[in-house]
Amino acid sequence: MGKTRREFAPGYKDEAVKLVINTGRAIATVARELGINEASPGRWVSAFKARNDTAGLIRLDKFSEHDWLVVRDNFRHRVRP
């Protein structure tokens, strides 16, 4: 019988993408550290970059801790329609 395909929670995928983008480590390195096939985080990073490029969002790797705090505070205090 073949192997069962593993599914990963969105939060897990997000953390793997952050490891690749924020640390600058190779996808293969992060995949080995997480004990998963490198194709999985490769797809997640590609999807993340495609979403951010098409949405015109600021890249995560360019954010400082201060930037994150400002964005978080602005999000919390935004006016909802």
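**Exercise 1. Decide whether Lys13 is buried, exposed or partly exposed, then place Lys13 in the fold.**

Solution. Let's begin with the surface of this residue in the predicted model.
- Step 1: Lys13 has a relative accessibility of 31%.
- Step 2: Buried would need under 20% and exposed over 50%, with partly exposed in between. Lys13 is therefore partly exposed.
- Step 3: Now find its element: Lys13 belongs to helix H1.
- Step 4: Trp44 is 31 residues away from Lys13 in sequence, yet their C-alpha atoms are separated by 6.7 Å.

**Exercise 2. Work out which residues of H1 are buried and how they are arranged around the helix axis.**

- Step 1: H1 covers residues 10-23, which makes 14 residues. From first C-alpha to last, H1 reaches 20 Å, close to the 20 Å expected at 1.5 Å a residue.
- Step 2: The buried residues of this helix are Ala16, Val17, Val20 and Ile21.
- Step 3: Viewed down the axis of H1, these buried residues fall within an arc of 125 degrees, so they line one face of the helix.
- Step 4: Check one of them. Val20, in helix H1, counts as buried because its relative accessibility is 9%, and the cut-off is under 20%.
- Step 5: Finish at the end of the helix, where Gly24 follows H1 with a positive phi, near 75 degrees.

**Exercise 3. Describe the largest pocket: its volume, its lining and the element that gives the largest share of that lining.**

Solution. Go from the space to the residues around it.
- Step 1: The largest pocket holds about 270 Å³ of space.
- Step 2: Its lining is made up of Arg5, Arg6, Glu7, Phe8, Lys13, Gly35, Ile36, Asn37, Ser40, Arg43 and Trp44. Both Lys13 and Trp44 from the first exercise are in this list.
- Step 3: Sorted by type, the lining has five charged, three polar and three nonpolar residues.
- Step 4: Helix H3, residues 39-55, supplies the largest share, with three residues.

Note on methods
Residues numbered from 1 in each chain as written. Predicted model: local features only at pLDDT ≥ 70, side-chain atom pairs only at ≥ 80, totals over all residues. Heavy atoms only, no water. 1 Å grid on protein atoms, 1.4 Å probe; cavity = no way out; pocket = protein on both sides within 12 Å on 5 of 7 lines; lining within 4 Å. Points joined across faces, edges and corners; volume = space filled by probe spheres on them. Helix = DSSP H or I, 4+ residues; strand = E, 2+ residues; numbered from the N terminus. Nonpolar A, V, L, I, M, F, W, Y, C, P; charged D, E, K, R; others polar. Expected span 1.5 Å × (residues − 1). Buried < 20%, exposed > 50% of the residue type's maximum accessible area, 1.4 Å probe, protein only. Arc of directions from axis to C-beta.
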